[in-house]
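Hi,

Here is the structure I promised to pass on. Have a look at it first, and then read on for what turned up.

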Amino acid sequence: MKLLALGVDHRSAPAVIREALAFDERKCPEALDSLMSAFPGNEFVILSTCNRVEVYTAGTSENSPTAEHLTDFLAEFHSLPAAQFGGHLVSYHDEGAVGHLFRVAASLESLVLGEGQILGQVRDAYQAARERKSAGKILHEVFQNALRVGKRVRAETGMDQGRLSVASVAVDVARGIFDTFTDKTVLVIGAGKMGDLTLQHLKSLRPRQILITNRSPQRAEEAATKWGGQAVPFERLFQALIDADIVVSTTAATEPIVTYEQYARVQRARRNRLALILDIAIPRDFDPKIATLSDQVQLYNVDDLRQQAEENRKQRQKGVDPALLIIEQETAACYQLLHTQRETGAMLRQLSERYDLTVSRELDALFAAHPEFTPEQREAIAHVARRIVNQMLHHPRTALKSAAAEPAHEHPHSLLNAVRHLFGLADV
Amino acid sequence: MERLTLLCFGGTYALALVSELARFAVRSAARWYATVGLTALGWIVQTVYLANLARVHHKLPITTAFESLVMLSWIFAAIALYLMVRAAKPVAVGVFVLPLVLAPIVFAALLPASRRAEWGGETAFWGTVHGIFLLLGAVSSFVAVAAGFMYLAQSNRLKHKRPSRFGVALPSLEQSERVNREAITIAFPLLTFGLLIGVLLSLAVHPGAGAVPLSWSDPKILSTFVMWGVFAALLHFRYRPAYRGRSVMVLTIVAFTFLVFAWVGVEVLRLPTAHGVSRTVRRAS
C-alpha cells in the first residue's frame, strides 16, 4: 500500500503559485478523471483551497504514481513548466501523508489556527472524489478519519473557540451580555473602516434596528442605505443613545463626545437597561469612567477588544500540543487499520483461492475416477463440496473481517498470524 | 439509617460536583456525561428514598425540617438536571446549581430526622399546603439565587474584559437577569401564602392538652418574618431601575441566606422553638 500527498500551501508557496496550481469546481473533476486514466487502479482526492493545493493518492499496485509523476501531471494539466513550481512542492508519504491530512483537517496547518472552514473544504474535496469514483477504500478510510479527527481536536482542545479579529470579538462580547438580538437596537456613531467591520459582524446577529449618526448627514444617509439602517441627525445623538442597546462609536473627534455625566443621564432615561458600548475610536469617544457607572453598562474600547482577541489567539495556541498528541495517536491507529485491512483482504483472497483450487483438484480427480456421473450429478457434487468449504471457512472469514473493520481490535496481528499458520498461508 | 441514606445520594451529588468542577482542567465529552449521569443517579436514589418516606408515614415528606430539606434538595436536583441537559455542554450551569443541591442535604444531616409535626384533622391538609407553598417558594428562590450567581460571574468577567474560558461558558447577563426577575416574582407570593397559612395554623392551635402554640417571639417565627421582609425589599428593589444588576443579585443572595437561616438556622443552632412539634387544633364546636 502506498499513500502520497503532494502539493503547495501558504507556507511553501506564494499566492501566485497557489493560484496557478488551483483546481476550481470545473477543473477538479476533469483532473480527477485524467489522474484515473493515467494511473488506473489508484485512488485520488484533490484538496484545493485559497491556502493550499494538494493531491492525495493511494494504491496497492505497482503503477502507483510517484511524486515525480504527480509533478509532471500538475505541469501538464496547468500548462506550467515544472521548474516554475517544483521547488515549492511538499510531499508526504504513507503514515506521514495520513498525519498531514489530519493536521490539515484539524486546522493546524491553516493560516488562522482553529479556523472552521477547512473541515468543510476537506469534506467537499472527498465528496467530489466520491462523485467521480476516484476515492476508494483507502482514501475513504483516511478522509473519513480526517473529518472525525478534525472535529475531535476542536472539541477537546477548544481550538475553534473565541474570535481572533478585533471586529469579530465584539460579537462574543455582545453574546455575553444579550440573549436575543431581534429586539435590540444598534447605534453606529461616525464612519470608518473599523466601524464598518464591526457592524458587519454585529449585523449577523440580526438586530431589530440599526441607527446611524454622523456629523455629516450625507455620510449617515449613505451608511444607512448600505447597512439597511436608519440615519439619525447628529443633534439627536442622546435620544439615539437612549434607544440603543449596542453602541459602536468610531468618530474622529479629538475629545470624548459623551461624558460620564451625560451618559449617566442617558442610562437613567434607559431605566438602567443593559447596554454595550464599543468605543473603537482613537482618541476615545466615550469617557472611560462610564465603565464604572453600572454593571448594566459594559464599555469596551479598541484595546480591550484587541487584548481579548490576543488572549483568544493564545488560548488556541495552547491547544496545539494536545492536538498534536491526538493526531499522533489517531494517525498511528488509522495507518495500523489500513495495514490490517490490506493484510486481511489479501488473506481472505488467498484463503478463497487455495480452497477453490483444492476443491477443483479433488472434484477433477473424483470425476475422472467416475466417468459414469451425469453432468447434473457432477454439478450437485461440486455444489455440495463448495458449500462444505464455505461453511468451514465462515467463522475464520467473519473473525478476519471483524478484526479488519474494528480499529480498536486488541490483537489483529495475532489473529492474522494464527489464521496464516492454521491455514498454511503465505506472508502478505 | 437516614444519615447513611443521605450519604448515598449526597455523595453521588458530591461526585457529580467534582466531575463538574473538573471542566476547568479536563476537556472531554465524557466528563459532561459523568456529571449528568451521577446527578441522575443521585436523583433516582433520592426519589426512592422520599417515596419510601411517604409510604411509611402516609404523608408527603415535608412534615419535618429534615424531610423538607431533603425534598427541597430533590426538587433542586431535578431543576439542576434539566438545566444541565438543556444548556449547551460548555455552559457551566452545574458549577452554580450542584452546590445548591448539596447544601440542603448537608443541613438535613445536621438535623434530627424524627421530630415530626403531628398534624391531624383539619390541620393535616393546611399543614401540607403550608409546607408545599414554602417549599415551592424556596425552589423559586433557589433558581433566583443560581441566576444571581451566574449574573455576577458573567458581569465580573465582562468588567475585567476577560474572554470566556473554553468549556466554561456562562449565560448572558440578560438571560440571568430575566430568570432572576421571574423567579423572585414567583417566589414572593408563594412564601407569603405559605407563611400566612402557617400563621393561621398557629392561631388555630388549642393551648391545652399538651399542645404547644407558637409564640410571636419564637426564633423560628422571628427569623421567618425577617426573611419575608428581606424578600419584600428584594421585590421592591427588583422593580427600581437604579438597583438593576449587581445590587439586586447581591440582595437575592442575602434573601436566600435569610431563607436558609429561617429554614434550618434555628434547628442547627438548637435555639428553643415550638415549630414543628406536636400541636392540636381547636375544634369548632
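Before the interface makes sense, you need one cut-off: two residues are in contact if their C-beta atoms, placed from the backbone, lie within 7 Å. Also keep in mind that this is a predicted model.

With that cut-off, 25 residues of chain A are in contact with 20 residues of chain B. On the chain A side, the elements that give two or more residues are helix 7 (137-157), helix 8 (166-177), strand 10 (297-301) and helix 13 (302-318). Helix 13 of chain A gives the most, with six residues. As for the make-up of the side of chain A that touches chain B, there are 13 polar residues, seven charged and five nonpolar.

Next, strand 1 of chain A. This strand covers residues 2-9, and seven of its eight residues are buried. What does strand 1 of chain A pair with? One partner is strand 3 (residues 52-59) of chain A, which runs antiparallel to strand 1 and is joined to it by eight bridges. In that pairing, A:G7 stands opposite A:E54. Another partner is strand 4 (residues 90-93) of chain A, again antiparallel, over four bridges. Here A:L6 stands opposite A:S91.

Chain B has 285 residues, and 43% of them count as buried. Among its contacts with a separation of 6 or more, 80% are between residues 24 or more positions apart.

Cheers

Terms used:
Residues numbered from 1 in each chain as written. Chains lettered and ligands numbered in written order. Predicted model: local features only at pLDDT ≥ 70, side-chain atom pairs only at ≥ 80, totals over all residues. Nonpolar A, V, L, I, M, F, W, Y, C, P; charged D, E, K, R; others polar. Buried ≥ 20, exposed ≤ 12 C-beta atoms within 10 Å, placed from the backbone. Pairing = 2+ DSSP bridges.
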